[in-house]
Amino acid sequence: MSSALAPALIAAEPLIDANAIDYIIVALYFVFVMGIGLAARRAVSDSIDFFLSGRSLPAWVTGLAFISANLGAVEIMGMSANGAKYGLPTVHYFWVGAIPAMLFLGIVMMPFYYGSKVRSVPEFMLRRFGKGAHLVNAISFAVAQLLIAGVNLFLLGSIVHALLGWPLWVALIVAAIIVLSYITLGGLSAAIYNEVLQFFVIVASLLPLTLIGLHRVGGYGGLKEKLTAFAEAAPPEAGVAPAAQQLESWPGQALTGFDSGFLSVIGIVFGLGFVLSFGYWTTNFVEVQRAMASNSISSARKTPIIGAFPKMFVPFIVILPGMVAAVLVQEIMDLKNGGTPAGGASGEGVKYNDALLLLMRDVLPNGLLGLAIAGLLAAFMAGMAANISAFNTVFSYDLWERYIRKDRADDYYLRIGRLATVAATIIAIFTASIAGGFSNIMDYLQTLFGFFNAPLFATFILGMFWKRMTPTAGWAGLVAGTLSAVAVAFLSKDSFGTASLGVIPLEGQGASFVAASTAFVVDIVVSVAVSLVTKPKPASELKGLVYSETPKEDLIDPEEAGRPWFQRTIPLAIIAGVLVLILNFAF
């Protein structure tokens with residue numbers, strides 16, 4: 001067992017003072033969750049039902065599930081931790097690092113995924129580049145999902161530990177069993193319909209926390225005054241960013257760790273806004289799987305675009321509470337001033353990841369506290385369920401069926417999918433211990449995204465728009481890009497704690513931006529070089545896989561043109577794009 005979990009192996013005093021009303025609210029939520037799993041089980045008759053919901057869901061369902069699947073540890077604890085540590089520049093993860101890529105996914109890439117009828121992103125890689133790239137992508141994706149599922153499970157277990165005072169290892173096992181139960185019963189449909197429920201529970205729980213917290217500090221104006229006073233009074237050795245950097249989103253030096261505003265903007269726009277963002281949103285099967293469960297190519301294209309509307313307003317209920325905690329919660333104030341306050345959800349000292357929990361403790365009355373706890377549990381369950389459901393699909397279709405047991409009956413692969421779900425949940429209990437070693441969970445997650453998503457995006461985008469790219473270049477670029485990102489991470493300061501060499505003196509999350517950018521550039525260079533000396537696939541085999549070789553009519557739904565503007569892909573994307581530009585200028 002990791003040392004990160006060791007202090008929490010024994011029972012502790014609950015961090016949150018919940019009462020019977022709060023427990024009843026949480027219990028009712030779990031009744032609904034399991035009920036959805038049981039109901040969804042009736043619709044599972046084959047592997048496509050289990051892994052892709054029979055491709056039968058409407059766009060509004062998959063659109064909300066698309067966002068809810070991402071509204072787990074990254075959004076809730078990670079972004080509130082970022083809000084407490086860095087302030088307003090954290091909005092870049094949404095308005096620069098999400099919305100543009102989501103719109104691109106809906107407009108450009110979903111027609112290829114959905115139209116090709118592939119069952120996963122690695123299967124698309126198989127058709128475009130062959131077995132080498134497919135195997136590299138399938139294995140790296142499976143490993144990434146086990147690691148990220150561990151993040152969600154660690155935070156989910158931390159909530160149970162904080163609520164009940166149970167030993168963390170017990171809380172991890174109980175939380176894992178709950179998620180395992182409804183995914184094993186109902187497959188992707190259970191996960192998606194629970195994600196829709198979880199989206200509304202999350203919003204209903206975090207909105208009151210934000211409003212009450214802002215009221216306590218005197219509104220947004222009072223928050224700005226308190227952050228300014230705190231930054232001015234902070235000891236120099238604490239390294240607290242100036243108030244101006246915490247209260248203005250651009251140029252974002254508090255987040256990136258760059259001294260130069262110009263370099264900070266370049267890091268955010270290229271490293272986060274292009275490489276990390278497009279790499280995550282356009283190639284991550286966790287998200288793409290939700291759109292692939294849609295009932296038509298039009299619904300698949302609209303899924304990420306519908307999701308973009310709630311996504312752009314999520315910062316107001318996750319980042320603002322973190323900023324409030326930084327001036328209202330004594331333990332977070334002490335931590336930011338360079339102290340090491342005792343306690344926290346992990347039991348080994350307060351971390352930025354505790355900002356939201358401690359703010360809930362300090363400002364919410366009973367009843368609302370129970371709703372907030374249910375919202376956090378919903379968020380982590382949504383995130384973990386998304387990771388596990390994506391893992392079991394890739395493991396069953398892309399690894400087991402492709403390389404271990406071919407040409408078996410469909411119900412055999414359905415059983416393998418359920419067994420993979422159980423195995424992945426057990427492994428996540430152990431990978432949770434890795435997440436427990438990071439003070440700010442976003443540092444860990446961004447490092448993982450740089451390893452796995454950035455090189456994959458480079459391979460995808462080059463292969464989709466350059467028909468000369470060869471199968472050999474597909475796997476060679478992926479391997480080279482991933483290894484270069486790992487090298488940069490280990491050379492950077494604090495990326496892996498004591499294992500980091502500190503040659504690249506970057507703090508904040510600038511190191512992950514640099515690692516992702518390096519992976520992208522190395523992947524492109526290697527892919528182009530290898531393509532020029534190896535044989536490409538014939539053009540006749542690239543239809544539906546390369547833009548120039550695919551007829552336009554294969555990429556659109558002919559019936560969409562006759563629908564009202566608010567049911568069409570492009571008008572919705574334009575409105576979302578304009579709104580996010582306004583938000584960027586306003587803040």
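Ser298, Arg301, Lys302, Ile305, Ala308 and Phe309 of H15 meet Thr569, Ile570, Leu572, Ala573, Ile575, Ala576 and Leu579 of H24, where contact means heavy atoms within 4.5 Å. By class, this contact of H15 with H24 has 9 nonpolar, 2 polar and 2 charged residues; Ala, Val, Leu, Ile, Met, Phe, Trp, Tyr, Cys and Pro count as nonpolar, Asp, Glu, Lys and Arg as charged, and the others, Gly among them, as polar. The model is predicted: local features need pLDDT of at least 70, side-chain atom pairs count only at pLDDT 80 or more, and totals for chains, interfaces and linings use all residues. Residues are numbered from 1 along each chain as its sequence is written, and side-chain values use heavy atoms, with hydrogens and water left out.

H15 covers residues 297–311 and H24 residues 569–586; they pack at an angle of about 20°, with their axes 10 Å apart. That makes H15 roughly parallel to H24. Helices (H or I, at least four residues) are DSSP runs, numbered from the N terminus. Axes are lines fitted to C-alpha atoms, for helices over the stretch in contact, and angles run from 0 to 180 degrees between N-to-C directions. Angles under 35 degrees count as roughly parallel, over 145 as roughly antiparallel, 65 to 115 as roughly perpendicular and the rest as oblique.

H24 also packs with H6, at an angle of about 170° and with the axes 10 Å apart. H6 and H24 are therefore roughly antiparallel to each other. Ile99, Leu103, Gly106 and Ile107 of H6 make this contact with Thr569, Ile570, Ala573, Ala576, Gly577 and Val580 of H24. Its classes are 7 nonpolar, 3 polar and no charged residues.

H6 (residues 99–115) has a further partner in H14 (residues 285–292): their axes come within 11 Å and cross at roughly 75°. That makes H6 roughly perpendicular to H14. Here Leu105, Met110, Tyr113 and Tyr114 of H6 meet Val288, Ala291 and Met292 of H14. The contact of H6 with H14 has 7 nonpolar, no polar and no charged residues.

The structure holds 4 cavities of 30 Å³ or more. On a 1 Å grid over the protein atoms alone, a cavity is a set of points where a 1.4 Å probe fits but cannot get out, and lining residues have an atom within 4 Å of a point. Grid points are joined across faces, edges and corners, and a volume is the space filled by probe spheres set on the points. The largest cavity holds about 150 Å³ of space. Its lining has 14 residues, of which Tyr93, Gly97, Trp281, Gln446 and Phe449 lie nearest the centre. Helices H4 (74–86), H13 (261–283) and H21 (441–465) are the elements that give two or more residues to this lining. H13 gives the most, with 5 residues.

Finally, the peptide bond from Trp250 to Pro251 is cis, with omega near 0°. Pro251 lies in the loop between H11 (243–247) and H12 (253–256).

Key:
1 Å grid on protein atoms, 1.4 Å probe; cavity = no way out; pocket = protein on both sides within 12 Å on 5 of 7 lines; lining within 4 Å.
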